[in-house]
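The structure is shown first.

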Amino acid sequence: MTVTVSYLVMYAPEQLRSKHIRDPRLQIRPVIPPRWQFNQSMYCRIGADWSWQEKRDWDEAKWRAYAEAPGLHTFAASWAGEPAGYFELREDPHGGIEIVYFGLLRAFIGKGLGGAMLSSALEHAWRLGPDRVWVHTCTLDHPAALANYQARGLRIYRTGTETVSGND
């Protein structure tokens with residue numbers, strides 16, 4: 001399958017256009033200590049809707065190594081105590097932070113949480129002291145994904161087409 005992939009970047013925290021929800025029902029917290037089961041569950045549950053395939057067959061050892069890897073930071077989003085989504089930030093070898101995975105569970109899509117959750121992801125990324133924060137998205141992702149990234153201040157620096165079997 002051919003998809004269009006967009007790579008987006010932000011070079012300074014001042015470029016962030018935050019959107020916050022001032023409702024205590026939305027909680028976003030780091031997953032400390034790392035829990036590979038959480039990463040696996042969110043990846044599989046959220047990714048089922050967006051063709052995330054690469055990690056679907058991983059065994060416990062591979063998930064554990066991934067989730068506990070130095071430089072990976074996982075955050076859980078909840079709404080009124082119910083799991084709502086997650087994001088993963090990973091330090092790249094060039095001084096940047098990549099938003100590796102970002103998503104909401106199906107029941108929470110369309111409720112206005114995506115912008116607030118992405119704002120939180122970007123704010124947490126900048127606290128790690130990178131020289132840039134970046135992400136990629138493609139036409140298999142939610143139709144509002146690219147617009148959400150751009151609304152928060154990320155700018156496209158490259159697009160292209162790729163033949164993929166999934167969205168990883």
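The model is predicted, so local features need pLDDT of at least 70 and side-chain atom pairs count only at pLDDT 80 or more, while totals for chains, interfaces and linings use all residues. Residues are numbered from 1 along each chain as its sequence is written, and side-chain values use heavy atoms, with hydrogens and water left out.

**Overall form.** The protein has four helices and seven strands (DSSP runs numbered from the N terminus: helices are H or I, at least four residues; strands are E, at least two). Along the sequence they follow the pattern β-β-α-α-β-β-β-α-β-α-β. The radius of gyration is 15 Å, in agreement with the value near 15 Å for a compact globule of 168 residues (taken over C-alpha atoms; the rule is 2.2 Å times the number of residues to the power 0.38). The C-alpha atoms fill a box of roughly 40 × 40 × 30 Å along the principal axes.

Seven strands form an open sheet in the order 2-3-4-5-6-1-7, with mixed pairing (two strands pair if DSSP finds at least two bridges between them). Strand 2 (26-30) and strand 7 (155-163) are at the edges with a single partner strand each, so one side of each has no neighbour in the sheet. From one strand to the next, the twist averages 25 degrees (axes are lines fitted to C-alpha atoms, for helices over the stretch in contact; angles between N-to-C directions run from 0 to 180 degrees). Strand 1 (residues 2-10) pairs with strand 6 (residues 132-138) in the antiparallel sense over six bridges, and Val9 stands opposite Trp134 in strand 6.

**Pocket.** The largest pocket is lined by 33 residues, and Phe102, Gly103, His142, Ala145 and Tyr149 lie nearest its centre (on a 1 Å grid over the protein atoms alone, a pocket is an open set of points where a 1.4 Å probe fits, with protein on both sides within 12 Å along at least five of seven lines; lining residues have an atom within 4 Å of a point). Strand 5 gives the largest share of this lining, seven residues.

**Backbone exceptions.** Most residues other than glycine have a negative phi, and most peptide bonds are trans. Two sites depart from this:

| Site | Value |
|---|---|
| Ile32–Pro33, cis peptide bond | omega about -5 degrees |
| Ser51, positive phi | phi near 65 degrees |

Pro33 lies in the loop between strand 2 and helix 1, and Ser51 in the loop between helix 1 and helix 2 (60-67).
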